[in-house]
Amino acid sequence: MRPPRGTTGGTTGEIPDGQALADRFRNAFGHAPEGIWSAPGRVNLIGEHTDYNDGFVLPFAIDRSTRVAVRRRQDRRVRVLSTFDSSTPVSADTSGLRPDDVSGWSAYPLGVVWSMLQAGVDVPGMDMLFDSNVPVGAGLSSSAAIECAAAVAVNELAGAALSSSELVLIGQRAENDVVGAPTGIMDQSASLLGAAGSAVFLDCQSQHAELVPLDLAGTGLVAQIIDTKVSHSHATGGYADRRASCERGAAELGLSSLRGLPPSGLAQAEGVLDEETFRRVRHVVTENERVQRTCQVLATQGPSAIGELLDASHLSMRDDFEISCPELDLAVDVARNLGAIGARMTGGGFGGSAIALTPVDRVDAVHDAVVDAFGHASFEVPDLFTVQPAEGARRVS
Ligand code: ADP
Ligand code: MG
């Protein structure tokens, strides 16, 4: 039977099997790898702009991943190579590695090596070849996938025995201090802790993580990702502006973070805050509620009952937080009209991707209608593909 459109597509194609990656490794480095490790990308099911407000998020690891083939070396050199940029390996010495010395894509894996060294791990010299089928820059966290693949490989080959929660912080530190992106722990938590048929509920205040059942396949649903191809790079200002609004709102309410404001406190907050800040605050407070409610509904009724929560999340981001854009709104509307049970933009906003929970037999219809609607609106051709909740980072051979 022909798979639904978009099931195997996406921008980066298929991940090669282990043998093909091992062969490429041998061609590049002249010897066979010791093993292959894998770490998935992630998508956020619900809980947007709640992380830096000490709130709740609910991402899941997806069935698209980054793999790394590795062999230890006798010296202290780490050579990293990616099939994305297969010219020559980037090389660094573990004894003198400094954040300022690395740039470009190699900052992700070498950042993990640096972070491990900072944690006191005796990192051996290594040759590493990365390959990935996680689309880059589509909001599926190819960055966490490459960091976490590197982290689990180095953890094992260095005999460091760091726990998954410790590896989350290793990856975050690489991204914050070496890549220079001020991100939280959501992406690495999903990639390292995810499990098939589950989402990862994360309390960003306590950093407590818990698996929540998300058996989409058993319910006849898939997560359909609609990459609008709208770049969110110009959105840096918007992101910083929203963060500032949240901080201002919390300060004016006498709180250290918006986590401290329960929904019952919103009426009083409305009298204290200016109209725009109040709407920003209302998004965060109601979004935290929706994440918790989604977890309850998933546990008691299953995924087919969470559609309204996803829809409400989108409206809150569109109207209160104002981080959507015409392409995301169109994607969400068309997906819902064609049979998705719920849909919302996912990620930081101002572009990027939407997620729709779509019955398997409606995937093609949603795909075609979204592509048509984007054509009529003279938007760029979107990329649609489906993902399922999948296993977290691990050794694969
Ligand atoms: P996202 O995480 O949303 O995909 P980011 O901008 O955070 O987008 O991270 C993307 C960057 O991560 C890429 O530009 C590249 O530098 C790096 N990257 C991710 N996967 C790979 C890979 N397999 N090989 C080389 N670099 C990668
Ligand atoms: Mg990223």
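**Buried elements and salt bridges in the predicted model**

Asp-320 has a relative accessibility of 10% and therefore counts as buried (buried means under 20% relative accessible area, exposed over 50%, and partly exposed in between, with a 1.4 Å probe and protein chains only). The structure is a predicted model, in which local features need pLDDT of at least 70 and side-chain atom pairs count only at pLDDT 80 or more, whereas totals for chains, interfaces and linings use all residues. Residues are numbered from 1 along each chain as its sequence is written, chains are lettered from A and ligands numbered from 1 in the order in which they are written, and side-chain values use heavy atoms, with hydrogens and water left out.

Asp-320 forms a salt bridge with Arg-282, and the closest N and O atoms are 2.8 Å apart (a salt bridge is a side-chain nitrogen of Lys or Arg within 4 Å of a carboxyl oxygen of Asp or Glu). This pair links distant parts of the chain, 38 residues apart, with Asp-320 in helix H9 (residues 307-320) and Arg-282 in helix H8 (helices, H or I with at least four residues, and strands, E with at least two, are DSSP runs numbered from the N terminus). Arg-282 is partly exposed, at 29% relative accessibility.

In the whole structure, 24 salt bridges are found. Side chains of opposite charge can pair when their charged atoms come close. Within helix H8 (residues 275-300), Glu-275 and Arg-279 lie four residues apart, about one turn of the helix, and their side chains meet in a salt bridge with an N to O distance of 2.8 Å. Glu-275 is exposed at 54% relative accessibility, whereas Arg-279 is buried at 14%. A further salt bridge joins Arg-290 to Glu-287, with the closest N and O atoms 2.9 Å apart. Arg-290 and Glu-287 are three residues apart in helix H8, so about one helical turn separates them; both are buried. Salt bridges that share partners also join Glu-275, Glu-276, Arg-279, Arg-280 and Glu-322 into one network.

The largest nonpolar core comprises 42 residues, of which Val-68, Val-70, Met-116, Met-126, Met-128 and Leu-167 touch the most other members (a nonpolar core is a set of buried Ala, Val, Leu, Ile, Met, Phe, Trp, Tyr and Cys residues joined through side-chain atoms within 4.5 Å). Among the elements that give two or more residues to this core are strands E1 (35-46), E2 (56-72), E3 (77-82) and E5 (126-132), together with helices H3 (142-157), H4 (164-179) and H5 (186-193). Helix H3 gives the most, with nine residues. Apart from this core lies another, of 34 residues, including Leu-261, Leu-266, Ala-269 and Phe-374.

Helix H5 is largely enclosed by the rest of the structure, because seven of its eight residues are buried. The buried residues are Met-186, Asp-187, Gln-188, Ser-189, Ala-190, Ser-191 and Leu-192, and what covers them includes E1, E2, H3, H4 and strand E6 (198-203) (contact means heavy atoms within 4.5 Å).

Arg-42 is found in strand E1 and is buried, with a relative accessible area of 8%. Its side chain makes a polar contact of 2.7 Å with the side chain of Asp-187 (a polar contact is a pair of N or O atoms within 3.5 Å; within protein, one must be able to donate a hydrogen and the other to accept it, and residues adjacent in sequence count only if both atoms are side-chain atoms). The backbone oxygen of Gly-139 lies 2.7 Å from a polar atom of the Arg-42 side chain.
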